[in-house]
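Keep the viewer open as you read.

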Amino acid sequence: MSAHRQIIGFICLAVTASGWALNFTLMKFLLLEWPPLFSRGLAGLVGAATLGLVALCVGESLVLPRRLIGRMLGEAFTNVFSWMGFTTLALLWLPVGQNLLLIYTMPIWATLIAWPLLGTKPSGKTVLSLALGVTGVALLLGGQAGAFRVEQLIGYALSLGAALLFALGTVVNRTPIAMPFVARTAWQVGLGCLPLAILGLLFEQPKFEALSSTGVSIMVYMALVSMALCYVTWFGALRHLPPSVASSGLLAVPVLGVLMAAALLGESFGLRQVVALVLTLSGVVLALRSSPKPGQ
């Protein structure tokens, strides 16, 4: 691999990680004005349309083969609907840092889910990764005042539910499919965010006049940067870097998210948070290194 390709890959990875990390902090501000499901759903639909245009501009076909409809619906549920819906709802009860740390434990759960589904027996690395991850999360949550109130437990369940479902999707859909990256993501995001927008309209009844200029700016950011640009740069990172390097690089998202939340929202960030972050992400790194590869 040439140094030039590596530089491009790391630039793409940096844009992706910083863009997704900032999105979680901005969502906290947006939730003061607009409900979570409709916000995510609407931004996702705009992002999906933008990705569709990008796919056409680079010569990709947007035709979804009939044989892939079931696979695409499954991916849209685990990778988009539950991931974006649950993690955004969790922000109603959890700080950004806690939410991010919980949802980015997904590689740990993927290695465990692969055991009954793929017959991949947990290795010593897998057991150690689980121990590190659980210890880190327990350390973080154990130091929070009122960490086990009902409201907090709902947030924990949503964050962990998103991580578990995403991990399940990663294991079940591990086999590559013959469909272009950008077009595939446009379909995933669109199919996953459409029900979020519909549920938001039915149950949240958003008031458009309640959205300030700041809220509009955040919505634009979510749609065009977090949903569209960051996915394009993510694909760029995958094309220029080994998948293991790119996946490990995304661990910068919870790190940057915690730092941004501390700076912009005043969330606590002391020695306990640092140790919890290091322990949990160490477990995630081990899980990534021991995770089953496609076709195994």
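Which residues of α11 are buried? They are Val253, Pro254, Gly257, Val258 and Ala261, where buried means under 20% relative accessible area, exposed over 50% and partly exposed in between, with a 1.4 Å probe and protein chains only. Seen down the axis of α11, these buried residues fall within an arc of 130 degrees, so they line one face of the helix; the arc is taken over the directions from the helix axis to the C-beta atoms. An α-helix has 3.6 residues a turn, so residues three or four places apart point the same way.

Before going on, a word on the ground rules. This is a predicted model, in which local features need pLDDT of at least 70 and side-chain atom pairs count only at pLDDT 80 or more, while totals for chains, interfaces and linings use all residues. Residues are numbered from 1 along each chain as its sequence is written, and side-chain values use heavy atoms, with hydrogens and water left out. Helices (H or I, at least four residues) and strands (E, at least two) are DSSP runs, numbered from the N terminus.

Now for helix length. The expected span is 1.5 Å times one less than the number of residues. Just after α11, Gly266 takes a positive phi of about 75 degrees. Helix α7 (150–172), with 23 residues, should span 33 Å, and its end C-alpha atoms are 32 Å apart, again in agreement.

Next, look at Trp20 in helix α1 (residues 3–30). Trp20 is buried, with a relative accessible area of 13%. Leaving aside residues up to four places away in sequence, its contacts (heavy atoms within 4.5 Å) include Cys230, Trp234 and Val253.

Trp234 and Val253 return in the largest nonpolar core, which has 58 residues; along with Leu30 and Met84, they have the most contacts inside it. A nonpolar core is a set of buried Ala, Val, Leu, Ile, Met, Phe, Trp, Tyr and Cys residues joined through side-chain atoms within 4.5 Å. The largest share of this core, 12 residues, comes from α9.

Finally, the cysteines. With a disulfide taken as a pair of cysteine sulfur atoms within 2.5 Å, the count comes to 0. The sulfur of Cys12 is 11 Å from the closest cysteine sulfur, in Cys230, too far for a bond. Cys12 counts as buried at 14% relative accessibility, and Cys230 is buried at 1%.
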